[in-house]
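Subject: Structure handover

Hi,

Here is the structure I said I would pass on. Please load it before reading further.

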Amino acid sequence: MADEKVLEAQKWVNSTYGSVSGYEKCPENGQTGWSTMYALTMGLQKELGISPVVANFGDGTLAKLAALGELSSGWAKNENIVKIIRYGLFCKGYTGGYNDTGYYDPDIELAVKKMQGDMGLSQSGTLQAKVFKALLNMDAYVLTAGGSEEVRSIQQWLNGRYWTKKTVDIGPADGHYSRNVQQNLMKAIQLEIGIAETDATGNFGPGTQAGLKSKAIVSEGSSGIFVQLFSAACVFNQPIVTVNADGDTVQTNTVFKTTFDSNLTTFVTIFQRFAELAANGRGDYATWAQLLVSMGDPDRPVTASDTAYTITASRAAKMYSDGYLYVGRYLNEASAGGGSKMLEEGELANIFDGGLRVFPIFQDNGRTLDEYYWGNGYAHAQKAHNQAVHFGFNRGTIIYFAVDYDATDADMPQILEYFRGVASGLGSMGKRYVHGVYGSRHVCAEVTKETYARYSFVSGMSWGFSGNLGYPLPANWSFNQIKEYQVTNGTDTFWLDRDAHRIGSDPAQSSVNRPSSPADEFVNYVQSIYDLAEAYGKGNPNQLVMEYLRSDAYNDAQWGAMIGKADAGFVAYANNRNMSIWSEFKDPFTAQDLGVEHLMATANGQFVKPNPTGDISLGDVAGWGGDLMTLYGEWRRDHDSYASGSTYINEKMGKIGVVSTFGFTDLVEDADGYLIAQAVRGGKTIVEAVRDHYQGSGGLTRFRDYVNQRFGGTISEAAGQAKKILTDEPTSADGAILVGGRIALIQKFGGVPTLMPHLLPADELNAWCNAFGDNLVQHASTETLRRAQYRANQQKLLSGK
């Protein structure tokens, strides 16, 4: 929506400076953006006597501005500079006064005070040069969607304490960790360890490293500035997303503090385990380094590696003796150098015989943005598949597709399209292999979020990449590349990258040509339970299998009222015959660990309480409906940070590495449970349904089939069903249970009281429900549009563009 004062600013600045040498006009659309801020900056440069003007607020502009002195109430030496201040305030979201007085009037002073308070500065109302510079950028000084008040308080603290230092600019105060915030934190540390103001550049150099080791080590009981800086770094790297002993995804957080207490010790210990550091709970050098830069301490002990050099038997033996257990090798590399970068015939035998595991990497140059588009991703995936089959890699192997350059946020749409092509290309070959991503932290996180990469291989060694500054370690990281060095092996030398490996992530491959699928054991397990159910001789064996597998986690009074209690006699019968309930199994199509209990609770619900055509049922509450209710509760809990419900769904529903009650595996389990139940209702046994889904092609089209069968294949139908499940009050006995369950689930996660869905303004409720439908259809579209996308991209593939 256009803002009248922003539009007025754009028209004024273009008409006033349009003919000035170097000036670049901004769009006249009433929407603030960098082009508008640059235009105001160039106008300021003209008034300061700079020629030609440039779209950058550099040191020269700052020095000229500082020479004017501090601008304060009554200042009227340059009417156009006053206009630039007033328009800058409006563009920044502050009311700069509606009367053009020509001087620094009380309206401007009041707005500047408000902005300074939001920044974390003393509210003098005086516009210093650095504050003026901050006025003309796109940083926000109020909490924005998804931001954290805890992060914002640290941003304000950093601004207030350090903004007058020579190399420190005023940073954002929007509640988001970012490159600028990371740089200000690093400069603050440098200043506190004694580095001169002019040398506090934000680089993690030898002086900074030495200062941290000698002055900044903290532990429980410590207090003061280094605890503040250390806890700030901890907050910037949270939440720590882990999986507990029950298989549940949990997140751990901390707060900004001046004293290192037991709670901070707990957080640090969890972070250290997550980052594969020595878990001592202390703010030692290795932990400081890992919190501050993507490679952390590059000389810390690690067990993994990757290399562009052939692994001979001798090299494998040397690597193993040096403590390495994993090595990454390339399936393909189109490089001018040729030769050993690509995995060679017989090399895998050397790797396995030497006691190492291997993880495959695919990179076809990949060093410029123009190489990243859907068609290239599709072709690369097919090539990677063929190469992996040639070398005998087992079904379910993760292949890491590389983004080997400093990709910016502006590059991300093309990179995501490339990875959507990768996912489609692997799918077109039967999804024998699963895609992972190699790149900066930001690339890894975004590719995982939007294309469901199973694991991330982080290029942490490139710590200066913009995508590694201001971004935490991805929740699904498996390998983190931290240092390149030359190995001397007798008379032989070769280059090796040292990689940290996260225990419990990608195990890599210790053999090839294994005939089984990752789901084979699960199918056999279901068969064993089914055989027991038939031998039990009572009830429907398909239903007994579902009930048994959900009996531990989904069998309380609420579940009993909703879909019935599990048959206690069969549960005892199976347990007495050495049967136990699996918590998870590996999905062969995504390599995600799927929760058996939630999957079968969903299937059981749909089997015994199917939804009538066009209506909702308790079976829906056992699956997608219950997950949507709990997600709604989470949104109300987080409403201060997410005013928009659609934004919340876009960021939390069906995403990998995001703590949510409706994450990616929840959505997969909802879809699979529904489809398995439908297959059983159609006449298949539970064993046949599970086998066809996970060993056949069912998992390839799970989202498409689920959306088509349950939601009519449209956003509007899915939105309508969401609205019903959240607001309808059926008068039947089942309806009363549904309503009671809805209230309980929403309040469990949203707290008491919680604004219930039927009390939302109609536009907010509709936006929430439409976002749910859109999210579902987007997941389905990655499957339904593969062939159409492939045909549409054939010309690109043929032309090489």
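My notes follow, grouped by region. Keep in mind that this is a predicted model.

**Surface patch**

Start with W34. This residue sits in helix α2, which covers residues 34–47. Together with Y38 and M138, W34 forms a nonpolar patch on the surface. The accessible area of the three together is about 280 Å².

**Helix α8**

Next is α8, residues 179–192. The expected span uses one less than the number of residues.

α8 is mostly covered, with eleven of its 14 residues buried. The buried set runs V181, Q182, Q183, N184, L185, M186, K187, A188, I189, Q190 and L191. Which elements cover them? Among them are α7 (149–162), α9 (206–215), α10 (225–236) and α12 (285–292). After α8 comes G194, with a positive phi near 105°.

**Helix α17**

α17 spans residues 441–451. This helix is also mostly covered: eight of its eleven residues are buried. They are R441, H442, V443, C444, V447, T448, K449 and T451. Y452 follows α17 and has a positive phi, near 65°.

**G645**

Is G645 buried or exposed? Its relative accessibility is 9%, so it counts as buried. Setting aside neighbours within four places in sequence, G645 is in contact with W635 and W768. For a distance check, take G645 and N350. They are 295 residues apart in sequence and 54 Å apart in space, C-alpha to C-alpha.

**Backbone points to check**

Most residues other than glycine have a negative phi, and most peptide bonds are trans. The items below are worth a look for that reason.

- Q238 and P239 are joined by a cis peptide bond, with omega about 0°. P239 lies in the loop between α10 and β1 (240–243).
- V752 and P753 are also joined by a cis peptide bond, again with omega about 0°. P753 is in the loop between α30 (733–750) and α31 (762–784).
- N513 is not a glycine, yet its phi is positive, about 60°. This residue is placed in the loop between β10 (492–501) and α18 (520–536). At 60% relative accessibility, N513 counts as exposed.
- N578 is not a glycine either, and its phi is positive at about 65°. The loop between α21 (568–575) and β11 (584–586) holds N578. Its relative accessible area is 75%, so N578 is exposed.

Best wishes

Terms used:
Residues are numbered from 1 along each chain as its sequence is written. This is a predicted model: local features need pLDDT of at least 70, side-chain atom pairs count only at pLDDT 80 or more; totals for chains, interfaces and linings use all residues. Side-chain values use heavy atoms; hydrogens and water are left out. Patches are made of residues with over 30% relative accessible area and no salt bridge: like charges are joined within 9 Å, nonpolar side chains (Val, Leu, Ile, Met, Phe, Trp, Tyr) within 5 Å. Accessible areas come from the Shrake-Rupley method with a 1.4 Å probe; for residues, only the protein chains shown count as cover. A salt bridge is a side-chain nitrogen of Lys or Arg within 4 Å of a carboxyl oxygen of Asp or Glu. Helices (H or I, at least four residues) and strands (E, at least two) are DSSP runs, numbered from the N terminus. The expected span of a helix is 1.5 Å times one less than its number of residues. Buried means under 20% relative accessible area, exposed over 50%, partly exposed in between (1.4 Å probe, protein chains only). Contact means heavy atoms within 4.5 Å.
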